Amino acid sequence: MGRLRRSRTHKAQRDVHRASRTRARKRDLDQIQLHDLIPGIRATLENQPLDVEKPGLAQHYCVECARYFEADAALRTHWRSKLHKRRCKKLKEPAYTIEEAEKAAGLGRETRTIPSSIAAAPPNPDTTM
């Protein structure tokens with residue numbers, strides 16, 4: 001008997017992975033910290049005009065998670081969830097800056113200070129050969 005099915009049946013998974021990579025991404029933590037949590041911008045995000053393209057007509061929005069919800073009850077349930085609380089905890093930590101990233105990579109400017117005892121002491125003639 002021959003084979004009953006074709007080999008390489010998982011070919012469609014490639015398309016699923018590619019679609020997930022190119023799908024519209026949520027806002028990152030640093031974007032939310034530096035822009036969305038400013039009181040004026042936060043107020044405009046929470047009180048958006050009606051928009052039929054967004055879930056719940058854009059009336060139920062969680063600023064910390066950058067998510068829209070269908071109903072007010074769903075938004076209130078989300079506020080009590082672990083995902084929302086974890087996200088809020090991460091947002092309380094300061095965002096990384098470009099300077100910190102460069103220092104971690106070894107590209108930043110180093111400011112080394114020479115200890116004053118070494119810089120002020122003249123060379124000892126007895127130790128030179």
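Q: What volume of space lies in the largest pocket?
A: The structure is a predicted model. In this model, the space in the largest pocket amounts to about 170 Å³.

Q: Which helix gives the largest share of the lining of the largest pocket?
A: The lining consists of Leu29, Asp30, Gln33, Lys90, Glu93, Pro94, Ala95 and Tyr96. By class, 4 of these residues are nonpolar, 1 is polar and 3 are charged. The largest share, 3 residues, comes from α2.

Q: Why do the buried residues of α2 lie on the same side of the helix?
A: Helix α2 spans residues 29-36, and its buried residues are Ile32, Gln33 and Asp36. They lie on the same side of α2 because the arc they cover around the axis is only 125°.

Q: Against which helices do the buried residues of α2 pack?
A: The residues concerned are Ile32, Gln33 and Asp36. Their packing partners are α3 (39-46) and α5 (82-92).

Q: Is Asp36 buried or exposed?
A: Asp36 belongs to helix α2. Leaving aside residues up to four places away in sequence, Asp36 touches Arg27, Gln31, Ile41, Arg42, Leu45 and Val63. The cut-off for burial is under 20% relative accessible area. Asp36 has a relative accessibility of 3%, and therefore counts as buried.

Q: How far apart are the end C-alpha atoms of residues 60-84?
A: UniProt, in an unreviewed entry, lists residues 60-84 as "domain: C2H2-type". This span is 44% helix and 16% strand. The distance between its end C-alpha atoms is 15 Å.

Methods
Residues numbered from 1 in each chain as written. Predicted model: local features only at pLDDT ≥ 70, side-chain atom pairs only at ≥ 80, totals over all residues. Heavy atoms only, no water. Buried < 20%, exposed > 50% of the residue type's maximum accessible area, 1.4 Å probe, protein only. Helix = DSSP H or I, 4+ residues; strand = E, 2+ residues; numbered from the N terminus. Arc of directions from axis to C-beta. Contact = heavy atoms within 4.5 Å. UniProt positions renumbered as here; feature names shortened; annotations may be inferred. 1 Å grid on protein atoms, 1.4 Å probe; cavity = no way out; pocket = protein on both sides within 12 Å on 5 of 7 lines; lining within 4 Å. Points joined across faces, edges and corners; volume = space filled by probe spheres on them. Nonpolar A, V, L, I, M, F, W, Y, C, P; charged D, E, K, R; others polar.
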